[in-house]
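This briefing describes a protein chain for use in computational work.

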Amino acid sequence: MRDHDPPEHGGRLRQAAVRFDIPLEHWLDLSTGINPHAWPVATLPAAVWGRLPEEGDGLESAAARYYGAPCPLPLAGSQAAIQSLPTLRAPCRVGVPRVGYREHAHAWCRAGHQVVELVDSDPGRWLDDGPERLDCLVVINPNNPTGRCWPIATLLDWHARLAARGGWLIVDEAFMDATPEASLTPFAGRPGLILLRSLGKFFGLAGARVGFLFAESALRARLLSWLGPWTLSGPSRAIARQALADTVWQQVTRAALPLAADRLAELLRRYGLAPMGGTALFQWVLTDEADRIQANLARQGILVRRFIRPPSLRFGLPGDERDWRRLEMALTAVAHA
């Protein structure tokens with residue numbers, strides 16, 4: 001597989017505004033899977049903006065408590081790790097999900113590795129001994145956009161088989177926060193196990209560009225050396241520290257998001273768009289009419305994410321009741337188009 005072209009992403013609202021000639025402020029963006037009820041950012045002290053960021057400000061300890069794992073490495077979003085990790089290995093064979101966040105495949109291909117596409121990340125025979133066995137395996141758990149979540153026991157089995165020969169299991173848990181019981185963070189630090197977490201989705205703070213990597217100390221040190229100083233800005237560190245410590249907000253949000261996800265799934269079913277998968281933050285719909293539906297919604301100022309392989313749509317959560325009504329009216333128009 002060759003995948004050197006930059007992948008597309010949700011959230012390209014300015015591009016959509018130009019294409020459909022609708023002012024930016026008139027759009028409802030459901031294309032990203034980001035919590036529409038973001039953690040409320042408070043005014044930051046002026047010193048945060050005027051000084052270089054430093055460790056020892058409490059961010060790492062707050063992240064360790066929140067994730068339940070020691071030695072988190074703060075990053076400018078998990079994307080920073082996705083782009084950097086492939087540069088830390090000699091060319092090898094890497095399994096990636098056929099349907100999933102395409103930046104993984106793109107980064108490994110660009111670094112000269114052989115990428116093998118796997119159905120839903122299942123490595124099957126590719127973990128068996130032989131000339132075609134995998135050296136690394138990327139799992140997006142839960143998967144974006146299918147929502148597939150692999151059991152911990154299965155992932156640990158895959159990790160053990162890879163680690164026994166110096167391989168890596170990279171688990172992208174960007175959408176894990178609503179279901180922390182399914183996370184591998186209790187096993188963080190095992191050789192060959194690399195975990196990626198993101199503050200952007202559950203906390204609704206994508207613009208802060210905050211993520212964390214958990215890995216054995218030697219690999220963590222290599223990555224930190226590669227990335228250099230100031231992996232996060234001072235304001236981002238301050239915001240992340242406060243959000244990770246806000247346990248009341250986290251508990252309320254974990255209770256609310258699944259209800260909103262169920263409401264979205266039911267709304268889509270009423271219009272013949274029964275989700276085939278999803279998480280607490282988005283629903284995924286397989287449909288041969290993905291292109292037509294996306295364009296029809298866009299003409300009404302609603303942006304959803306379209307995938308080509310397979311033809312499908314990802315719907316993020318509306319925010320307030322006005323947004324819910326607007327989506328329902330748009331779906332009604334699509335159904336009668």
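The points below are grouped by topic.

The model is predicted. Its chain comprises 337 residues, 53% of which count as buried, and contains 11 helices together with 13 strands.

**Overall form**
- The radius of gyration of the chain is 20 Å, which agrees with the value near 20 Å that a compact globule of 337 residues would have.
- The C-alpha trace extends over about 55 × 55 × 35 Å along its principal axes.
- Among contacts in the chain with a separation of 6 or more, 71% come from residues 24 or more positions apart.

**Surface and charge**
- The chain has an accessible surface of about 15,300 Å², and carbon and sulfur atoms contribute 54% of this area.
- There are 37 positive and 34 negative side chains in the chain.
- A distance of 2 Å separates the centres of these two sets of charges.

**Cysteines**
- A disulfide is a covalent bond that links the sulfur atoms of two cysteines.
- Cys136 takes part in no disulfide, and the nearest cysteine sulfur, belonging to Cys92, lies 4.1 Å away; a disulfide is counted where two cysteine sulfur atoms are within 2.5 Å.
- Cys136 has a relative accessible area of 0%, and Cys136 is therefore classed as buried, since the cut-off is under 20%.
- Cys149 has a relative accessible area of 33% and is partly exposed, because this class covers values between the limits of 20% and 50%.

Methods:
Residues numbered from 1 in each chain as written. Predicted model: local features only at pLDDT ≥ 70, side-chain atom pairs only at ≥ 80, totals over all residues. Heavy atoms only, no water. Helix = DSSP H or I, 4+ residues; strand = E, 2+ residues; numbered from the N terminus. Rg over C-alpha atoms; globule rule 2.2 N^0.38 Å. Buried < 20%, exposed > 50% of the residue type's maximum accessible area, 1.4 Å probe, protein only. Contact = heavy atoms within 4.5 Å. Areas by Shrake-Rupley, 256 points an atom, 1.4 Å probe, with all protein chains shown as cover. Lys, Arg positive; Asp, Glu negative; His and termini not counted. Charge placed at Lys NZ, Arg CZ, Asp CG, Glu CD.
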